[in-house]
Amino acid sequence: MSRLARLIAAVLAFTFALTLALALPAQAQENAPEPEGYRTDNYRAPVLATLAGARVLATGEAEAIWRAGAGVFIDVLPHAPKPQNLPAGTIWREKPRLNIPGSIWLPDTGYGALAAATDDYLRHGLARASGGNHATLLVIYCQADCWMSWNAAKRALSYGYRNVAWYPDGTDGWQRADLPAAESQPEPRAGEENSSPR
């Protein structure tokens, strides 16, 4: 075998091994068992391919539901609050949240453990979004590789919602598909007066 042929064979073997090594973590997540409880750390990591009791949506399916107005979209991306210790005169500019148009943004509700007030905020937000109907289709999302949407969808199921869909690609997948996005504001918590535009 010539030197060139051996070099090509070595490059091909290396490329195959690298491709296999990169594909294995994704397959592991696809076949990994679901945790019994909620994910409580490392929220920005590859997510599972399943959520027991929920429908898992690809971007095309989420788009079809959105275009048909067949479900309520719930964004659970955390919201960075204005720091309390800013020096006087400091201008605070919130980072705009672009989400799926018409979504209801219930930030901070996808953590693994929720304070009682946050749990109440999620329960009331879902009740308002669904009109109190536990059969309403709820499409819950965040960003790609974000366990917060998985946690929030699992929690909605635990509240008795029977028609929960989890959109794991979230706004990242939505924007990759070049679908419209709208600036959003968080739904008000108890004692707050402003509501997000829908």
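**Figure 1. Five strands form an open sheet in this predicted model, in the order 1-6-5-2-4 and with parallel pairing.** Strands here are DSSP runs of E with at least two residues, helices are DSSP runs of H or I with at least four residues, and both are numbered from the N terminus. Two strands count as paired if DSSP finds at least two bridges between them. Strands of a sheet pair through backbone hydrogen bonds, either parallel or antiparallel. Strand 1 (55-56) and strand 4 stand at the edges with a single partner strand each, so one side of each has no neighbour in the sheet. Residues are numbered from 1 along each chain as its sequence is written, and side-chain values use heavy atoms, with hydrogens and water left out.

**Figure 2. Strand 2 (residues 72-75) pairs with strand 5 and with strand 4.** With strand 5 (residues 138-141), strand 2 pairs in the parallel sense over four bridges. With strand 4 (residues 104-105), the pairing is also parallel and has two bridges. Take a look at Asp-75: its bridge partner in strand 5 is Tyr-141, and in strand 4 Asp-75 stands opposite Trp-105. Val-72 and Ile-74 point one way from strand 2, Phe-73 and Asp-75 point the other way, and all are buried. Buried means under 20% relative accessible area, exposed means over 50%, and partly exposed lies in between (1.4 Å probe, protein chains only).

Figure 3. Val-56 is found in strand 1 and is partly exposed, with a relative accessible area of 28%. Which residues does Val-56 contact, leaving aside its neighbours within four places in sequence? They are Ala-49, Thr-50, Leu-51, Glu-61, Trp-166 and Pro-168, where contact means heavy atoms within 4.5 Å. Val-56 and Pro-168 are 112 residues apart along the chain, yet their C-alpha atoms are separated by 7.4 Å.

**Figure 4. The largest nonpolar core has 32 residues.** Such a core is a set of buried Ala, Val, Leu, Ile, Met, Phe, Trp, Tyr and Cys residues joined through side-chain atoms within 4.5 Å. Good places to start are Ile-74, Leu-126, Ile-140 and Val-164, the residues with the most contacts inside this core. Strand 2, strand 4, helix 3 (116-130), strand 5, helix 4 (147-158) and strand 6 (164-167) each supply at least two of its residues. Helix 4 gives the largest share of this core, seven residues. A second, separate core of 12 residues includes Ile-65, Leu-137, Tyr-141 and Trp-174.

**Figure 5. The structure holds six salt bridges, among them Glu-63 with Arg-67, Arg-123 with Asp-119 and Asp-41 with Arg-39.** A salt bridge is a side-chain nitrogen of Lys or Arg within 4 Å of a carboxyl oxygen of Asp or Glu. Side chains of opposite charge can pair when their charged atoms come close. Glu-63 and Arg-67 meet at 2.7 Å, N to O; because they are four residues apart in helix 2 (residues 59-68), about one helical turn separates them. Glu-63 is partly exposed at 22% relative accessible area, whereas Arg-67 counts as exposed at 54%. In helix 3, Arg-123 and Asp-119 are likewise four residues apart, about one turn of the helix, and their side chains meet at 2.9 Å, N to O. For Asp-41 and Arg-39, the closest N and O atoms are 3.7 Å apart, and Asp-41 is partly exposed at 48%.

**Figure 6. The protein chain has a mean pLDDT of 87, and 81% of its residues reach 70 or more.** Here pLDDT is the predictor's confidence in each residue, from 0 to 100. Over residues 14-28 the pLDDT is below 50, and this stretch has zero contacts in the model beyond near neighbours in sequence.

Methods:
Predicted model: local features only at pLDDT ≥ 70, side-chain atom pairs only at ≥ 80, totals over all residues.
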